[in-house]
Every structure is written in C-alpha cells, then in structure tokens.
Amino acid sequence: MLDNLNQDVSILQPSLQMTDSQVQNRIRQMKMEDPDEQTCYQKFCNLFTIEYYREYFDVTTELVIAKVVNAFNPFSGTFFDIGGGIPELYGPFWILNTLIFTIALSVNIIKYMQLKPGEHFEYQFEIVPFLAIFMYLKTLIVPMIYRVALKCVSQDRLTLLHCFTIYGYSAVVMIPISLLNSIPNPAIQWMLLVYVLFAQTSFLTSNFNQELKYLPKEKKYMIVGLVAVVQITIMILYKFYFFSSFNYQQLGLVKKRTNTHILQHILGAN
Amino acid sequence: MEFEVQDNQANNSIQGVINLQPQVNQVQAQQQEIPIKQTDLQVSSTLEESVAVTLLRDLRQIGVKLRCVLVPTMSSNNAKELRNWDLWGPLVFCLMLALTLSLSGNNDDGPGIFATIFVLIWVGSFVVTLNAQLLGGKVSFFQSVCVLGYCVFPINLGALFTLFFSFFYLKMFLVIGCFLWSTYSAVGFMKQLIPEQKRILALYPVILFYLFLSWFALIV
C-alpha cells in the first residue's frame, strides 16, 4: 500500500503532487500513526513530541527564500507551486517574530523623531507585549476564518495548514514597509499603508484564485471580499494603534500606574 | 563471608559452601574493611569544604567555559569542554544583564524591564534551540541553551559600556561590536550541528535573538 502512494497522489492537482522526500516523510508519518508501532506516550500525547511537528519544518534555505521572494510579488499566484505546495510552519513563525521586532523598532523611531528639542527620549517598549499578543492572535485566527470560508464554498484542497502558511508568508511585505513607516511625513505613511493593504490582499486572492478557478462567480467574489475586509480591519488597527502620531499615553497603551487594568485604560480613553 | 563453589559436571549443578560466620576477631575485621570508593571520599570532602572554596571552584568552571565559548578557536578541547553543560553561567549573565538594564537611570519601569529581559533570554534560548531541533539538527537541548546563555556575556559588556558613556554614536558602535562578537561565537558553535542546506534557517533566529537583546541594551 505504501508503495503506491505516489501514484495515488498524482491524481491530485499538479501543484499538490509530492516529491520523493515528501513521500518518505509521509511514509514515516504513517508509521508513526500505526497503532502497533507506537510507544505509550506517542499514543496519547503525540501533540507534545517533537517528531509530530518535525514534518512541518522540513524545509531548506532555498525553498524559504523562494517563497519569500514570491510573496513580494502580488500577482503571480504561483505560491502553492513552490516546493510541491506542502504546508510548513517555519516561515510564518519567524516572519511573525521579525515583524514584531521591526514594528517595535519603528514605533520607537517615530517617537524619537517627534521629540521636541530639549526633551528627553523615553523609549517605548510597553507596547511590545501588546503587539506580540495582537500579532500572534491575528496569525492564529485569520487563517481559521479563511479555512471556514473555503469550506463553506466546498473547497477541500487547501487545508488549515496551507492557510497558515500562505497567511504567514503574506506578512513579509509588512517588514520593509514598517521600517519605512518611520519617515515622519504623514502622506508617505498613508501611501505605504495603502500599498501594503493592496499587496497583501492581491497576493492572497491571486493564490486562492488558482484553487478557486472552478467555482461560480458569486462564491469567488465572496472569498475575495472576505479577504479584503479582514485586511482592511487589520490595517486600520495598525494605523491607529501602532503607527499613529498620537501621544501613546492618551491611547491608554502605556501603564503609568501599576494597578489599573490595561483594558480599562483603552475603553476609558476612547 | 567466604564462598566455595564447585562446578559439578556430573549432574550439571553447582555445589558450594557459603560461610556466613561473622568475623569475631577484631583485628581481622579491621583488616578486611571494605575499601572506601573514590567517589565517597570526594562527596564527603566537598561537603566538608568551606563555602568560599565551592563558590570559587564553580566560578573557575564558569570562567573556563566562558573562555572556550567566547574565543572561538574550534579546537576539540573546546568541544569537549562544552559538552559538560551547566546553567549557572547563563543564569549569572542573564541576571547581570537584567539588573544592569533595570537599574540604569533612563526609565521608570525597572521591575518591568528586569522581568522582560529575564523572560526574553530564557524563552528566547528555548525557542531557538527548539527551532534547531525541529529543523533536524542533532543538537542536545541543554547544551545549546548553555552556549546561547554564555554568548550573552558580550551584550552584558555592551550594557555596562552604555552606562558609562553618553555619546550616542559611540554607544551604538560599541553595542554593534558586542552584538557581532556574540553572534559570531554562537554561530560558530551551532554551525557544526545543522545539515548544510538548513544552516541559514537555523542561524537566523540566533541572529534575531541577539539583535533584540542588543537593541534593548542600546535603548535603555
């Protein structure tokens, strides 16, 4: 049965055909799931072993770089053709962490540039935990929304992990833009934000389009509209919480007193 | 106790005599003392030595390992030395860095900074090591955490420099130098354990980790 695996897989779309090393991985995974060959803790706590996740980190440097370069191109729609379209978690995770670092850096640079002469610079890193939580939640929840929407239009070829992968890689565009966002000119900042919105939305929709080609028009537009609306919401949050030129203490994101809950601050200030 | 054992080949049995008579003669008893094992002597001697001697020995071991890690000569002695990992060194450097940054005069949230740096160093080392293991590297978990912790020492030096100097570009230059030193040492260690085509993937998180710590040391 295991020998016929590649032939069985080849009836799928060409973009999802597996290479030899992926077949080996799949065989190894099936052995792991074979109840006779499992150890006791593997049967019950498989989620906590490293081997369970090793399959999703099976990438090489060239593959990751190729995917990142592809993510900068919003119109190609060939993201799932690179490396056979297997989902992976290395790229999304480290792009996310790099993004948190660069946004924290650029928020501090913006604040530094807004100093009036003679004022002492106080760096702003209370924003880092808030930023980190926001980013991690966003990266967890939004692909689930996409997966649910794809399931509603009965498209089963893209699994949840594929959605995680493509959403994680779509955030790459944000990294250089957030560094450029520290330029103090508001017109440039708005233009950069609009560019990011446009680039991410068109990257996501052109890649989903490859898989959605065979659906009727209304369902396709529904998916595209959903992607666009989610991206717009997130961009508005970026602009008004992280990149704004307001005083951060007014927005209630800085803990000046130690005993008040941060949410009360935000609700109170707004 | 004495044994006498005979191998009786006729009916495949072993016959013998076990003499369980205790030694009554005291002189004989003293001569037949069970020899004290070497480790027992060591245990009792380290329990009886003074605290200063114990601390100095531990500090000396930390110093030796620090020299192995930070002067990257790639000799086999270094590798053997690093295989005896310990977490005292990383703890000392982590606490030193957190204290330095939280006590500097530039901020009003000292305890918050201490907690952030402490959590960042340990969770960051944990995540970077986990990443290297998931990519298929044969790296022992605590050994890698140990080396990453020891390589925080140059950033410690950088934080101390920023306390004493006030010219921003000089501070930036020194902190960048310390960051490059840390990264070069850590990369030199981890490079050998990852297969060739995944090397940059495993080393990029190390660079990000030290970049984040250096940025903290510079800004605070």
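Trainee: Is K198(B) buried or exposed?
Mentor: The model is predicted: local features need pLDDT of at least 70, side-chain atom pairs count only at pLDDT 80 or more, and totals for chains, interfaces and linings use all residues. Residues are numbered from 1 along each chain as its sequence is written, chains are lettered from A and ligands numbered from 1 in the order in which they are written, and side-chain values use heavy atoms, without hydrogens and water. Buried means under 20% relative accessible area, exposed over 50%, and partly exposed in between (1.4 Å probe, protein chains only). At a relative accessible area of 12%, K198(B) is therefore buried.

Trainee: With which residue does K198(B) form a salt bridge?
Mentor: A salt bridge requires a side-chain nitrogen of Lys or Arg within 4 Å of a carboxyl oxygen of Asp or Glu. For K198(B), the closest N and O atoms of the pair are 3.8 Å apart. Because K198(B) lies in the loop between α9 and α10 of chain B, and its partner in the loop between α4 (50-54) and α5 (61-71) of chain A, the pair joins two chains. The partner, partly exposed at 27% relative accessibility, is D58(A).

Trainee: How many residues apart in sequence are the parts tied together by D86(B) and K65(B)?
Mentor: The side chains of D86(B) and K65(B) form a salt bridge of 3.2 Å, N to O. D86(B) lies in the loop between α4 (76-83) and α5 of chain B, and K65(B) in helix α3 (residues 51-70) of that chain; helices (H or I, at least four residues) and strands (E, at least two) are DSSP runs, numbered from the N terminus. The pair therefore ties together parts whose separation in residues is 21.

Trainee: Which helix of chain B gives the largest share of the nonpolar patch?
Mentor: Patches join residues with over 30% relative accessible area and no salt bridge, like charges within 9 Å and nonpolar side chains (Val, Leu, Ile, Met, Phe, Trp, Tyr) within 5 Å. This patch, which includes L160(B), L163(B) and F168(B), has about 900 Å² of accessible area together, as given by the Shrake-Rupley method with a 1.4 Å probe, where only the protein chains shown count as cover for residues. L163(B) belongs to it and is partly exposed, with a relative accessible area of 42%. Four residues, the largest share, come from α8(B).

Trainee: Which residues does T100(B) touch, apart from those up to four places away in sequence?
Mentor: T100(B) is found in helix α5 (residues 88-103) of chain B and is buried, with a relative accessible area of 12%. Contact means heavy atoms within 4.5 Å. By that rule T100(B) touches N156(B), A159(B), L160(B) and L163(B).

Trainee: How far apart are the end C-alpha atoms of residues 221-241 of chain A?
Mentor: An unreviewed UniProt entry lists these residues among those annotated "transmembrane region"; its positions follow the numbering used here, feature names are shortened, and annotations may be inferred rather than shown by experiment. The span is 100% helix and 0% strand, and the separation of its end C-alpha atoms is 30 Å.
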